[in-house]
Amino acid sequence: MNILFIGDIVAKQGRNIISALLKDLKDQYSIDYVIANGENAAGGFGITPALVQELHDTGIDIITTGNHIWEHKEIIPYLSTDDTIIRPMNISLSAPGRGWTVMTKQDRQSIAVVNLIGRVFMPPAECPFHTSDTVIREIKSQYPDLKHIVVDFHAEATSEKQALAWYLDGKVTTVIGTHTHVQTSDETILPSGTSCITDAGMTGVVDGVIGMDREQVISRFLTSIQRHFEPAKGHGELQGVVVTSDDTGASKNIVRVKKRYGNI
């Protein structure tokens, strides 16, 4: 099975890149399932129901999110009606929506996608390690034949991401870090068959600062004055990883993707 995971989609610029490049990428890597983190799809902060549909229309199967999931109030009730978008399971035990989902396509093995959020340098959340144990037991109980489990770990600290990957080695297919918008080069397959990368990167304008206007960001660092950031303009990139797994759900390969796009 070939799984394409796309790093955080930032604003309209990121959505336009997806629309332009995704089809060719799916063909190039013979992709079975496409997963993307969409928590920055709406102007760089949050996502709306309309944008969920827009991203699905481009060919994305499942959308994960993160700490910006509550930015737009209209997404809150929507999360309880659509199981193709999930929020971090451990963000709150009483939050609306769900933290994992399962998808099955014709002539393909089923896939489960789990969304977790970190606790280091992040807003308060339940323990991602204990939560991962709970959700994996739940998935195995409800879907005993399911082999492929993808974890989006939306976290700031490299150490926390690496630790969770080691903790889940042999229990899931892959652990993919998101949130920092900076693609790392530490992709690997751990001894028991779980692949991982600290951060898949972002899909947006790379001429800014993590997708946002660089002059606005620099001004904030210089003055400490809080201000609303606008998405950057310039050259774009689609960043992510392709994970190849066997019929047992073990990873056999993980490859970084960095697809350049023109000025937007």
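The numbered points below start with the sheet and end with the backbone.

1. A word on the basis comes before the details. This is a predicted model, in which local features need pLDDT of at least 70 and side-chain atom pairs count only at pLDDT 80 or more, while totals for chains, interfaces and linings use all residues. Residues are numbered from 1 along each chain as its sequence is written, and side-chain values use heavy atoms, with hydrogens and water left out.

2. Let me begin with the sheet. Six strands make up an open sheet of mixed pairing, in the order β5-β6-β7-β8-β10-β9. Strands (E, at least two residues) and helices (H or I, at least four) are DSSP runs numbered from the N terminus, and two strands pair if DSSP finds at least two bridges between them. At the edges are β5 (100-103) and β9 (188-189), each of which pairs on one side only. Strand β9 runs antiparallel to β10 (residues 195-197), with two bridges joining them; here Thr188 stands opposite Cys196 of β10.

3. Two helices go with this sheet. Helix α4 (residues 128-142) packs on it and touches β5, β6 (111-117) and β7 (148-154), its direction making about 160 degrees with that of β6. Helix α5 (residues 158-167) lies across β6, β7, β8 (174-178) and β10, and runs at about 170 degrees to β8. Contact means heavy atoms within 4.5 Å; axes are lines fitted to C-alpha atoms, for helices over the stretch in contact, and angles run from 0 to 180 degrees between N-to-C directions.

4. Four bridges link β6 to β5 in an antiparallel arrangement, with Trp100 opposite Val114. Toward β7 the pairing is parallel, with seven bridges, and Ala112 has Ile149 as its bridge partner there.

5. How many aromatic pairs are there? The count is two, taking rings of Phe, Tyr and Trp (its six-membered ring) as paired if their centres lie within 6.5 Å, with planes under 30 degrees apart called stacked, over 60 edge-to-face and the rest tilted. Trp100 and Tyr143 are edge-to-face, at 6.3 Å centre to centre and 90 degrees between the planes. Because Trp100 lies in strand β5 and Tyr143 in the loop between α4 and β7, this pair ties together parts 43 residues apart in sequence. Trp100 is buried at 5% relative accessible area, whereas Tyr143 is partly exposed at 33%.

6. The other pair is Phe129 with Tyr167: the ring centres are 5.4 Å apart and the planes at 75 degrees, so this pair is edge-to-face. Phe129 belongs to helix α4 and Tyr167 to helix α5, so parts 38 residues apart in sequence are tied together. Phe129 is partly exposed at 22%, and Tyr167 is partly exposed at 32%.

7. Charged ends also sit over two of these rings. That of Arg98 is 5.1 Å from the centre of the Trp100 ring, and that of Lys171 is 4.3 Å from the centre of the Tyr167 ring. The rule asks for NZ of Lys or CZ of Arg within 6 Å of the ring centre and within 35 degrees of the ring normal.

8. What does the side chain of His179 join in a polar contact? Its partner is the side chain of Glu156, at 2.9 Å; a polar contact is a pair of N or O atoms within 3.5 Å, where within protein one must be able to donate a hydrogen and the other to accept it, and residues adjacent in sequence count only if both atoms are side-chain atoms. His179 is in the loop between β8 and β9 and is buried at 15% relative accessibility.

9. Finally, please check two backbone spots. Phe121 has a positive phi of about 60 degrees although it is not a glycine, and lies in the loop between β6 and α4. Ser224, also not a glycine, has a positive phi of about 65 degrees.

Notes. Buried means under 20% relative accessible area, exposed over 50%, partly exposed in between (1.4 Å probe, protein chains only).
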